[in-house]
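I opened this notebook to record what I looked up in one structure.

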Amino acid sequence: MTTVAPGLKTGMAVPVLVGGAAAGFLSGLPGINCLCCLWILAGAALSVYLYSKDRPEPTTPGDGAVIGAFSGVAAAAVNTVANFAFQSANLAFLRRVVERLSANMDDFPREMQDWINRPPGPVSIPQLVLGLAFSAAVFAALGAVGGILGAAVFGKRAPAGPPQPGGPPLEPR
């Protein structure tokens, strides 16, 4: 089997990008981004499904882990862009959550409320790169788990071999 990138076999790239893009986009949407880990697991499983659906050979857990890890890295890149695009909506959502918490708590830290209410500053390149690297590491680990689960669920099983000698006798028709 030929490789496209180290560890990535031919035919894995498109499923990795599709599953990673879906997971990264859903992880960046305001309101449902709190299910970020679930989206990464599901995106990796989707990548494994897309990879294995047209292949005659079974998808091994190792292949699932590789597909899932690369899917997680792709998800981190898409998530970084989505977070940047939805920054104001995410901040508004977070402010509503903090307002509700502070209304129901007597000793809510004033510093935290002040921090949430201040306007967002510009994002620096080092901050963006560090956030992307951290997300890529966490998402790759979660993606590997999702890929292994996807291989267990969607990967085809090896066909059963011929009956072994000494097995039950075949009845004539």
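The entries below follow the order of my look-ups.

**Entry 1: the model.** I note at the outset that this is a predicted model.

**Entry 2: aromatic pairs.** I recalled that a pair of aromatic rings is described by the distance of the centres and the angle of the planes. I then looked up the count, and it comes to two aromatic pairs. One of them is formed by Phe 25 and Phe 86, with 6.1 Å centre to centre and 65° between the planes. I recorded this pair as edge-to-face, because its angle is over 60 degrees.

Phe 25 belongs to helix H1 (residues 13-28), while Phe 86 is in the loop between helix H3 (61-85) and helix H4 (87-104). The two are 61 residues apart, and the pair links distant parts of the chain. Phe 25 has a relative accessible area of 42% and is therefore partly exposed. Phe 86, with 25%, is partly exposed.

**Entry 3: the pair of Tyr 49 and Phe 154.** I found that Tyr 49 and Phe 154 form an edge-to-face aromatic pair, with 5.2 Å centre to centre and 65° between the planes. Tyr 49 lies in helix H2 (residues 36-52) and Phe 154 in helix H6 (residues 125-154), so this pair ties together parts that are 105 residues apart in sequence. I noted that Tyr 49 is partly exposed, at a relative accessible area of 38%. Phe 154 is partly exposed, with a value of 35%.

**Entry 4: cysteines.** A disulfide is a covalent bond between the sulfur atoms of two cysteines. How many disulfides does a search of the whole structure find? It finds zero. For Cys 34, I recorded that the nearest cysteine sulfur is that of Cys 36, 9.6 Å away. For Cys 36, the nearest cysteine sulfur is that of Cys 37, 5.3 Å away. Cys 36 is in no disulfide, because 5.3 Å is not within 2.5 Å.

Is Cys 34 buried or exposed? Its relative accessibility is 61%, so Cys 34 counts as exposed. Cys 36, at 17% relative accessibility, counts as buried.

**Entry 5: Gln 113.** I located Gln 113 in helix H5 (residues 110-117). Gln 113 counts as buried because its relative accessibility, 18%, is under 20%. Leaving aside residues up to four places away in sequence, I found that Gln 113 touches Val 98, Ser 102 and Phe 108. I also looked up Arg 95, which is 18 residues from Gln 113 along the chain; their C-alpha atoms are separated by 8.4 Å.

Key:
Residues are numbered from 1 along each chain as its sequence is written. This is a predicted model: local features need pLDDT of at least 70, side-chain atom pairs count only at pLDDT 80 or more; totals for chains, interfaces and linings use all residues. Side-chain values use heavy atoms; hydrogens and water are left out. Rings of Phe, Tyr and Trp (its six-membered ring) pair if their centres lie within 6.5 Å; planes under 30 degrees apart count as stacked, over 60 as edge-to-face and the rest as tilted. Helices (H or I, at least four residues) and strands (E, at least two) are DSSP runs, numbered from the N terminus. Buried means under 20% relative accessible area, exposed over 50%, partly exposed in between (1.4 Å probe, protein chains only). Contact means heavy atoms within 4.5 Å.
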